[in-house]
Amino acid sequence: TEVVLYPDMKIVRQVLCLCALVSLPPALSQPLRYSVAEEGESGSVVANVAEDAGLAPVELSARRARLVSEDGRQHFRLERGTGRLVVAERLDREELCGRSGTCTLPFELLLANPLQFFRVEVTLEDINDHSPVFAEQQVTFQIPETSDLGSRFPLEGAEDLDVGSNGIQDYSITPENEYFSVAFGNRNEDDKYVELVLEKPLDREEQSEVSFSLIAVDGGSPPRSGTTQIHVVVLDVNDNAPVFTQERYIGRVLETAPEGSVILSVMAKDQDAGVNGDISYQFSQKLGQSHSTFVIDPRSGEIKITKPLDFEVTANYELSVRATDGGGLSAICKVLVEVVDVNDNAPELMVSSFISPIPENAFPGTVVALFTVRDRDAGSNGEISCALEDQLSFSLRLAYKNYYELVTVSMLDREEMDRYILTVIAADAGSPPLTTTQTFTVDISDVNDNAPVFNQTSYTMYVHENNVPTLLIGAVRASDADVGPNAKVTYSLAPDQPPCSCIS
């Protein structure tokens with residue numbers, strides 16, 4: 001049985017189809033996996049999903065095939081006539097997955113009558129559609145003439161939204177000069193650096209300023225590049241740069257922390273005295289990352305929250321803090337802010353399919369509903385358990401990951417119970433736990449499983465002789481526990497020995 005629901009209407013169409021009430025066919029153990037390049041035009045063909053799923057195209061329309069995704073967004077479209085999976089809209093890998101190394105869009109191919117689903121995963125391949133971009137068009141360094149050969153001066157590297165080989169691969173200086181070269185690499189997996197390296201001693205009296213361009217080039221084909229201007233002012237004396245007490249600071253804060261809460265303090269030291277030893281702190285802005293959520297005290301180095309945090313929106317912040325002394329020398333440290341999840345999201349339950357009514361002779365294991373659950377919190381706060389409240393005739397069965405089936409567990413009898421109100425409770429493992437309930441009203445349709453029963457086991461009737469034909473001599477009555485056509489009773493005389501033709 002299929003029920004179609006609309007927001008402004010009750011049940012508008014109901015078709016009895018007993019063959020759809022058997023248990024769900026098993027889903028494939030492995031998803032159907034495909035890949036497609038980002039920025040493809042709408043209508044671009046990904047694959048023939050019907051062929052790969054072992055389905056004839058005619059089945060797609062007959063069984064009302066559709067695509068279902070957990071977040072409700074439809075990135076792809078199914079052509080029922082051909083079974084092809086096509087792009088529904090322009091797909092921007094950076095918008096959907098950010099800087100993640102892989103970008104996979106999962107969804108399900110759902111069919112009805114009988115109910116069946118296939119898991120599908122489409123990997124979005126990166127193309128080189130972004131150029132490296134520096135946060136600032138010009139960077140000015142004030143470097144003392146007493147700086148040692150090999151001295152390194154940290155730069156904010158360019159940002160490229162592409163990943164892998166399409167990301168930044170090289171830095172260079174133009175025009176080349178005898179004073180500086182550029183060094184870049186990874187200190188560890190997550191910490192990239194770009195630095196100017198002093199190759200020749202500076203002499204303010206000989207040359208007080210040096211200017212050149214720093215170019216970042218990615219590995220695309222053709223490659224893209226970005227440029228920033230470097231302006232070096234040569235200073236006298238101040239020969240000690242600030243040094244942070246840590247290369248990386250890590251702070252943890254609850255997402256419910258009030259505005260103004262202090263997360264941590266950074267500290268840098270400078271061996272110089274007087275103005276050259278006075279240190280001020282400020283954020284070193286990175287492209288695409290706003291620090292409006294935080295503020296730093298320029299004197300104490302205290303970092304505070306300026307607006308509410310939301311773990312479900314952003315779980316981690318990476319900040320760059322620059323410490324600058326009175327002579328213009330500076331150092332940069334990284335600050336990682338981890339937002340700690342609070343159980344502030346109740347589980348969500350989304351019904352994919354629901355069948356009502358079902359016949360009373362449905363076999364145990366008949367699937368009544370298919371639904372998914374999810375929780376936007378993390379860790380134990382996002383772990384969900386589902387239970388069916390006080391019910392012996394139905395049970396829940398885990399279909400796959402967060403998919404559940406509501407199934408019958410015993411034979412039903414409409415004459416005993418013609419409607420079941422089933423309540424599913426989804427609860428997370430937070431403390432205290434948050435719950436969500438979903439009610440399913442399952443009607444039981446009648447099957448002709450009861451014979452008529454007379455209200456007496458025998459009847460005695462009398463009639464005078466020489467009676468007039470068609471004379472009414474009595475009546476019998478039988479009732480049937482079924483309903484509708486199954487309960488309509490008709491009467492006839494059973495043949496007697498010898499037969500009697502005088503009574504009808």
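What follows is a walk through this predicted model, from the overall outline down to single residues. Residues are numbered from 1 along each chain as its sequence is written, and side-chain values use heavy atoms, with hydrogens and water left out. Since the model is predicted, local features need pLDDT of at least 70 and side-chain atom pairs count only at pLDDT 80 or more, while totals for chains, interfaces and linings use all residues.

Let's begin with the outline. The C-alpha trace of the protein chain spans about 150 × 50 × 35 Å along its principal axes.

Now for the surface and the interior. The protein chain has an accessible surface of about 27,700 Å², and 50% of that belongs to carbon and sulfur atoms; areas come from the Shrake-Rupley method with a 1.4 Å probe, and for residues only the protein chains shown count as cover. Of the 504 residues, 40% are buried, where buried means under 20% relative accessible area, exposed over 50%, and partly exposed in between (1.4 Å probe, protein chains only). Among the contacts with a separation of 6 or more, 66% come from residues 24 or more positions apart, a contact being heavy atoms within 4.5 Å.

Next, the charged pairs. Side chains of opposite charge can pair when their charged atoms come close. The count here is 14 salt bridges, each defined as a side-chain nitrogen of Lys or Arg within 4 Å of a carboxyl oxygen of Asp or Glu. Take Glu 89 and Arg 73, whose closest N and O atoms are 3.9 Å apart. Glu 89 sits in the loop between strand S7 (84–87) and helix H3 (93–97), and Arg 73 in the loop between strand S5 (66–68) and strand S6 (76–79), so this pair ties together parts 16 residues apart in sequence. Glu 89 is partly exposed at 30% relative accessibility, and Arg 73 is partly exposed at 38%.

Lys 200 and Glu 178 form another salt bridge, with 3.2 Å between the closest N and O atoms. Since Lys 200 is in the loop between strand S14 (191–198) and strand S15 (209–218) and Glu 178 in the loop between strand S12 (168–174) and strand S13 (180–188), the pair links parts 22 residues apart in sequence. Both ends are partly exposed, Lys 200 at 27% and Glu 178 at 47%.

Then there's Asp 446 with Arg 414, a salt bridge of 2.9 Å, N to O. Asp 446 lies in the loop between strand S33 (435–445) and strand S34 (453–454), and Arg 414 in the loop between strand S31 (403–408) and strand S32 (419–428), so parts 32 residues apart in sequence are tied together. Asp 446 counts as buried at 18%, and Arg 414 counts as buried at 11%. Elsewhere, Glu 348, Arg 374 and Arg 376 are linked in a network of salt bridges.

You'll find Asn 381 in the loop between strand S28 (367–374) and strand S29 (384–388), buried at 13% relative accessible area. The side chain of Asn 381 makes a polar contact of 3.0 Å with that of Asp 341. Beyond four places in sequence, the contacts of Asn 381 include Asp 341, Asp 375 and Asp 428. For the record, a polar contact is a pair of N or O atoms within 3.5 Å; within protein, one must be able to donate a hydrogen and the other to accept it, and residues adjacent in sequence count only if both atoms are side-chain atoms.

Ser 395, in strand S30 (residues 394–400), is partly exposed at 24%. Val 407, in strand S31, is buried at 4%. Ser 395 is one of the contacts of Val 407, along with others including Gly 365 and Val 368.

Notes. Helices (H or I, at least four residues) and strands (E, at least two) are DSSP runs, numbered from the N terminus.
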